[in-house]
Amino acid sequence: MTGLEKVQEQILDEAKNLAEGKIKSAQADANDILGAAKNEAQIIQKEIAAKSADEIKKHHEKIESSAQMLRRTKILEAKQEVIEELLNKALVKIENLEEKEYFEFLLKVLKNNLKAQEGTLFFNASDLQKMPESFALKAKELAKEKGGSLEISKEAKAIKNGFILTYGTIEENCTIEALFNDKKDDLKDGLHKLLFL
């Protein structure tokens, strides 16, 4: 199991624990709301006891329906909070990968973004200094396999991590944050299915 797979497994375990806690808390809140709504309905029911049984039933159903909707909203908010928190944790974990795993991750990202053209890779100053020679060789090899070529610029870019891949005037922002933002909706959907379905 690679370091990245371990990170992913750890993130999923944390997410499941976090999700269980948030959902239990949301359900408890929702149950309290539902209980209060039922109490209110009983009080109102006594107050309008003189009215027809049909009116009482309709009023009771309306209050219960409102309470159920509020309960569903609370649970949905808790789920969304769990997913956002999980995505933020995943982003931080990937940004803080060990050097070897970080550059392996960048190679996977690069492979998915290469074109059969002449390209240039730009990194921040820190990544340029600690970049293993094997990374540069593998990056050029991947570009060649794709039918293009690739140079790694010595010029540092003002980016936090990841890289910028350019083909002429076209720039592809492959910083980790940009990759996350680009895939955020898909990640949210995937996490929702994984955690809550």
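The following legends describe close-up views of a predicted model.

View 1. Within helix α4, which covers residues 125-130, Lys130 and Asp127 are three residues apart, about one turn of the helix. The two side chains form a salt bridge in which the closest N and O atoms are 3.8 Å apart. Lys130 is partly exposed, because its relative accessibility is 35%, whereas Asp127 is buried, with a relative accessible area of 3%. By the rule used here, the salt bridges in the model come to seven, and the pair of Lys130 and Asp127 is one of them.

View 2. A polar atom of the Asn124 side chain lies 3.3 Å from the backbone oxygen of Ile159. Gln129, by contrast, sits in helix α4 itself and is exposed, with a relative accessible area of 74%. The C-alpha atom of Gln129 is separated by 9.9 Å from that of Ala156, a residue 27 positions away along the chain.

**View 3. The salt bridge between Glu151 and Lys140.** Glu151 and Lys140 form a salt bridge, with 3.8 Å between the closest N and O atoms. Because Glu151 belongs to strand β2 (residues 149-152) and Lys140 to helix α5 (residues 133-145), the pair ties together parts that are 11 residues apart in sequence. Both partners are partly exposed, Glu151 at 49% relative accessibility and Lys140 with a relative accessible area of 37%.

**View 4. The salt bridge between Glu171 and Lys157.** The closest N and O atoms of Glu171 and Lys157 are 3.9 Å apart, and the two residues form a salt bridge. Glu171 lies in strand β4 (residues 170-174) and Lys157 in the loop between β2 and β3 (163-167), so this pair ties together parts that are 14 residues apart in sequence. Glu171 is exposed, its relative accessible area being 51%, while Lys157 counts as partly exposed at 26% relative accessibility.

**View 5. A patch of negative charge on the surface.** Four aspartates, namely Asp182, Asp185, Asp186 and Asp189, gather on the surface in a patch of negative charge. Asp189 is located in helix α6, which spans residues 176-196, and with a relative accessibility of 47% this residue counts as partly exposed.

Conventions: Residues numbered from 1 in each chain as written. Predicted model: local features only at pLDDT ≥ 70, side-chain atom pairs only at ≥ 80, totals over all residues. Heavy atoms only, no water. Patch = residues over 30% accessible without salt bridge, like charges linked within 9 Å, V, L, I, M, F, W, Y side chains within 5 Å. Areas by Shrake-Rupley, 256 points an atom, 1.4 Å probe, with all protein chains shown as cover. Lys, Arg positive; Asp, Glu negative; His and termini not counted. Charge placed at Lys NZ, Arg CZ, Asp CG, Glu CD. Helix = DSSP H or I, 4+ residues; strand = E, 2+ residues; numbered from the N terminus. Buried < 20%, exposed > 50% of the residue type's maximum accessible area, 1.4 Å probe, protein only. Polar contact = N/O pair within 3.5 Å; in protein donor to acceptor, adjacent residues only side chain to side chain.
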